[in-house]
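Open the model in your viewer and keep the selection tool at hand. We will go from stop to stop.

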Amino acid sequence: MLEIRNVYKTFNPGTVNEKTALDGLSLRLEEGDFVTVIGGNGAGKSTMLNAVAGTWPVDSGNILIDGIDVTRLPEHKRAKYLGRVFQDPMMGTAPNMQIAENLALAARRGDARTLKVGITRAELAEYREKLKELELGLEDRITAKVGLLSGGQRQALTLLMATLKKPRLLLLDEHTAALDPKTAAKVLELSDKIVAENKLTTLMVTHNMRDAIAHGNRLIMLSAGRVVLDIAGEEKKKLTVQDLLQRFSTASGEEFSNDRALLS
Ligand SMILES: Nc1ncnc2c1ncn2[C@@H]1O[C@H](COP(=O)(O)OP(=O)(O)OP(=O)(O)O)[C@@H](O)[C@H]1O
Ligand SMILES: [Mg+2]
């Protein structure tokens with residue numbers, strides 16, 4: 001489903017700010033894999049997702065989605081394969097547009113058709129149904145501007161938009177990190193539900209080790225731009241945070257360092 005083959009990415013090459021963020025990264029996801037991603041600050045987690053999304057070209061290596069080599073495809077041409085939710089609730093939705101209009105745009109992703117065609121009654125009914133499942137009361141605010149929603153409501157809506165047209169791959173980058181603990185738990189639960197219902201292949205970055213263990217069928221840890229741990233199935237279910245920290249230092253030769261991870 002996703003294959004990252006020996007990918008390198010160095011930012012600001014030849015300057016004092018040179019930083020190799022991906023250092024021969026390889027990762028293969030099977031159809032339906034729900035992989036949680038952890039790693040220290042600057043380990044390359046966001047860079048890995050950006051490389052898959054095509055935010056900028058990688059230096060070398062290949063990225064395949066569904067067997068199609070997308071390495072040279074620009075971001076907008078890969079967008080049809082991908083659903084993305086970022087950490088910042090302000091991203092991913094258009095604040096000056098209504099909830100229904102945002103959903104309609106998401107539904108038309110990759111289509112030549114635009115909103116000028118208008119939103120049909122059938123579509124509105126479908127959106128109401130989907131919004132109801134979020135259990136946030138948004139189904140009664142379908143004409144409200146998205147900018148008026150709370151962070152958690154916006155992340156839930158972004159999640160819905162990212163998956164309205166089933167993506168080949170769902171990329172979640174600490175999408176609950178900016179939310180209060182209760183809202184974060186709710187959005188995470190919702191993510192689980194949407195991933196399971198649509199059998200989505202998913203990469204979810206989190207700084208919360210407990211969440212990384214509790215969600216998904218597979219957990220990887222990045223360090224210095226490579227995968228240093230890859231744990232799946234029964235073994236993953238039995239993991240504890242203590243095991244993870246221990247295995248991280250064995251695998252990388254360093255103490256795990258992620259301020260947010262250790263504080264949470
Ligand atoms: N656009 C960019 N320009 C320059 N350097 C970058 C850029 N994006 C990432 N980096 C650098 O690449 C390294 C990896 O960053 P990345 O954002 O992938 O880390 P991360 O694992 O997501 O960390 P965090 O847990 O802090 O989110 C860091 O040293 C970062 O400063
Ligand atoms: Mg990051």
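The tour below moves from a sheet to a helix, then to a ligand and a pair of strands. Keep in mind that this is a predicted model.

**Stop 1: the open sheet**

Select strands β1, β2, β4 and β5. They form an open sheet of four strands in the order β2-β1-β4-β5, with antiparallel pairing. Now look at the edges. β2 (19-29) and β5 (68-69) stand there, each with a single partner strand, so one side of each has no neighbour in the sheet.

Next, select residues 2-11 and residues 60-65. These are β1 and β4, and five bridges join them in the antiparallel sense. Pick out Tyr8. Across from Tyr8 you will find Ser60 in β4.

**Stop 2: the helix across the sheet**

Select residues 45-53, which make up helix α1. α1 lies across β1, β2 and β4, and runs at about 65 degrees to β2.

How many of the nine residues of α1 are buried? Eight are, so the helix is mostly covered. Colour the buried ones: Lys45, Thr47, Met48, Leu49, Asn50, Ala51, Val52 and Ala53.

**Stop 3: ligand 1**

Select ligand 1 and show what surrounds it. The shell holds 15 residues, and the closest are Gly42, Gly44, Lys45, Ser46 and Thr47. Which element gives the largest share of this shell? It is α1, with three residues. β2 and α1 each supply at least two.

Zoom in on the oxygen atoms of the ligand. A backbone N or O atom of Gly42 lies 2.9 Å from one oxygen atom of ligand 1. At Gly44, a polar backbone atom is 2.9 Å from an oxygen atom of the ligand. Lys45 uses its side chain: a polar atom there lies 2.8 Å from a ligand oxygen atom. Alone, ligand 1 exposes 630 Å², and the protein buries 64% of that.

**Stop 4: a parallel pair**

Select residues 82-85 and residues 169-173. These are β6 and β7, which run parallel and are joined by four bridges. Find Val85 in β6. Leu172 in β7 stands opposite Val85.

How values were computed
Residues are numbered from 1 along each chain as its sequence is written. Chains are lettered from A and ligands numbered from 1 in the order in which they are written. This is a predicted model: local features need pLDDT of at least 70, side-chain atom pairs count only at pLDDT 80 or more; totals for chains, interfaces and linings use all residues. Side-chain values use heavy atoms; hydrogens and water are left out. Two strands pair if DSSP finds at least two bridges between them. Buried means under 20% relative accessible area, exposed over 50%, partly exposed in between (1.4 Å probe, protein chains only). Contact means heavy atoms within 4.5 Å. Axes are lines fitted to C-alpha atoms, for helices over the stretch in contact, and angles run from 0 to 180 degrees between N-to-C directions. A residue is near a molecule or strand if one of its heavy atoms lies within 4 Å of it. A polar contact is a pair of N or O atoms within 3.5 Å; within protein, one must be able to donate a hydrogen and the other to accept it, and residues adjacent in sequence count only if both atoms are side-chain atoms. Accessible areas come from the Shrake-Rupley method with a 1.4 Å probe; for residues, only the protein chains shown count as cover.
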